[in-house]
Amino acid sequence: MNTGSVAAQGRGQAERAANSTAMKAGARAGFGARGVIYVLVGALALQIAFSGGGGGKQADRGGAIAEIAEKPFGKVLLWLLGIGLVGMALWRLSEALFGQVGPDGGKPSKRAMAAGRFVFYSFVAFSVLSFAAGDSGSGGGSSDQQSQDVTAKALGWPGGQWIVAIGGAAVAGAGIWIAVRAIMRKYHKHLKMSEMSQRVRRAVDFVGVFGGTARGAVFATAGGFAIAAAVKHNPDQSKGMDDTLRSFTDTPVGPWLLVVIALGLVAFGLFSWANARYRKV
């Protein structure tokens with residue numbers, strides 16, 4: 001057997017693994033896990049809006065993980081959450097290697113985005129599993145402090161202000177892109193819409209548009225703060241998800257904008273659960 005046939009056989013086995021029932025189940029478990037995190041972050045943000053501080057809790061992934069850990073069987077739930085996120089990461093890796101479902105799923109841009117999502121979900125899964133294993137400083141760290149530390153380090157590099165500004169612009173642009181795609185219902189092509197009843201379709205469209213727009217607004221705002229940090233050469237201007245969400249209370253409408261955004265994040269969590277059921281994988 002020559003080297004070429006061995007490579008072709010190995011690629012064929014990898015493609016079959018990528019399209020296996022186990023991989024599809026992992027993807028659906030990942031969407032379910034993502035939904036849990038967003039629902040909890042939204043609930044924590046609501047506490048901040050109504051209590052004026054949230055009782056010291058963080059409205060970010062770390063806060064959501066800490067919230068789960070405090071519940072009965074919390075460590076078991078964290079293990080399940082982390083395993084679900086591993087499934088999501090592996091599915092994104094398979095998309096990067098072999099392309100997504102759909103006629104244009106093999107485009108280089110689609111594969112590059114899938115690769116980026118693989119890296120992101122791998123990091124999130126690692127942080128959750130590390131926290132479940134007893135490393136409380138891993139998954140439950142403050143997103144605000146992490147953001148400021150990374151910004152401070154980048155500002156110290158040659159051309160650091162430009163690097164931070166470009167990074168902030170990229171995050172802000174991604175937020176706008178997320179919101180616009182949600183409003184345009186671009187997610188329809190990824191879902192099995194024909195399997196939904198009229199009532200379910202209306203519900204999915206509501207949480208998809210509302211949730212995606214709110215999520216995009218959070219990303220766009222965080223990107224704006226990063227740009228401000230670059231312009232002022234002040235890492236304290238950079239904000240993670242928790243401080244970004246709290247900043248919505250500093251608007252003329254007071255905490256009510258945060259209430260809307262928080263409900264939107266809960267809606268995105270529900271939309272993630274709809275993806276767990278209806279996503280084409």
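The exercises below proceed from the overall fold to single residues.

The model is predicted: local features need pLDDT of at least 70, side-chain atom pairs count only at pLDDT 80 or more, and totals for chains, interfaces and linings use all residues. Residues are numbered from 1 along each chain as its sequence is written, and side-chain values use heavy atoms, with hydrogens and water left out.

**Exercise 1. The fold**

Solution. Step 1: Helices (H or I, at least four residues) and strands (E, at least two) are DSSP runs, numbered from the N terminus.

Step 1: A residue is buried under 20% relative accessible area, exposed over 50%, and partly exposed in between (1.4 Å probe, protein chains only).

Step 2: Contact means heavy atoms within 4.5 Å. Among contacts with a separation of 6 or more, 75% join residues 24 or more positions apart.

Step 3: Accessible areas come from the Shrake-Rupley method with a 1.4 Å probe; for residues, only the protein chains shown count as cover. The protein chain has an accessible surface of about 13,900 Å², and carbon and sulfur atoms hold 65% of that surface.

**Exercise 2. The length of helix H4**

Task: Determine what span helix H4 (residues 74-98) should have at 1.5 Å a residue.

Solution. Step 1: The expected span of a helix is 1.5 Å times one less than its number of residues.

Step 1: Just after H4, Gly99 takes a positive phi of about 95°.

**Exercise 3. Salt bridges**

Task: State how many salt bridges the structure holds, and describe the pairs Glu95 with Arg92 and Arg246 with Asp242.

Solution. Step 1: A salt bridge is a side-chain nitrogen of Lys or Arg within 4 Å of a carboxyl oxygen of Asp or Glu. The structure holds five salt bridges.

Step 1: Glu95 and Arg92 are joined at 2.9 Å, N to O. Both residues lie in helix H4, three residues apart, about one turn of the helix. Glu95 is buried at 4% relative accessible area, and Arg92 is buried at 4%.

Step 2: Arg246 and Asp242 are joined at 2.9 Å, N to O. They are four residues apart in helix H10 (residues 241-247), and therefore separated by about one helical turn. Arg246 is partly exposed at 22%, whereas Asp242 is buried at 5%.

Step 3: An α-helix has 3.6 residues a turn, so residues three or four places apart point the same way.

Step 4: Another of the salt bridges joins Lys71 and Glu67 at 3.6 Å, N to O. Lys71 is partly exposed at 43%, whereas Glu67 is buried at 11%.

**Exercise 4. The nonpolar core**

Task: Identify which residues of the largest nonpolar core touch the most other members.

Solution. Step 1: A nonpolar core is a set of buried Ala, Val, Leu, Ile, Met, Phe, Trp, Tyr and Cys residues joined through side-chain atoms within 4.5 Å.

Step 1: The largest such core has 51 residues, of which Leu78, Leu85, Leu191 and Leu245 touch the most other members. Two or more residues each come from helix H2 (21-51), helix H3 (61-69), H4, helix H5 (108-132), helix H9 (198-232) and helix H11 (256-278). H2 gives the largest share, 12 residues.

Step 2: Not counting residues up to four places away in sequence, the residues touched by Leu191 include Met196, Val204 and Phe271.

**Exercise 5. Thr244 and Phe73**

Task: Decide whether Thr244 is buried or exposed, and whether Phe73 is buried or exposed.

Solution. Step 1: Thr244 is in helix H10 and counts as buried at 0% relative accessibility. Leaving aside neighbours within four places in sequence, Thr244 contacts Val218, Thr221, Ala222, Phe225 and Lys239.

Step 1: Phe73 lies in the loop between H3 and H4 and counts as exposed at 68%. Phe73 has a positive phi of about 60° although it is not a glycine.
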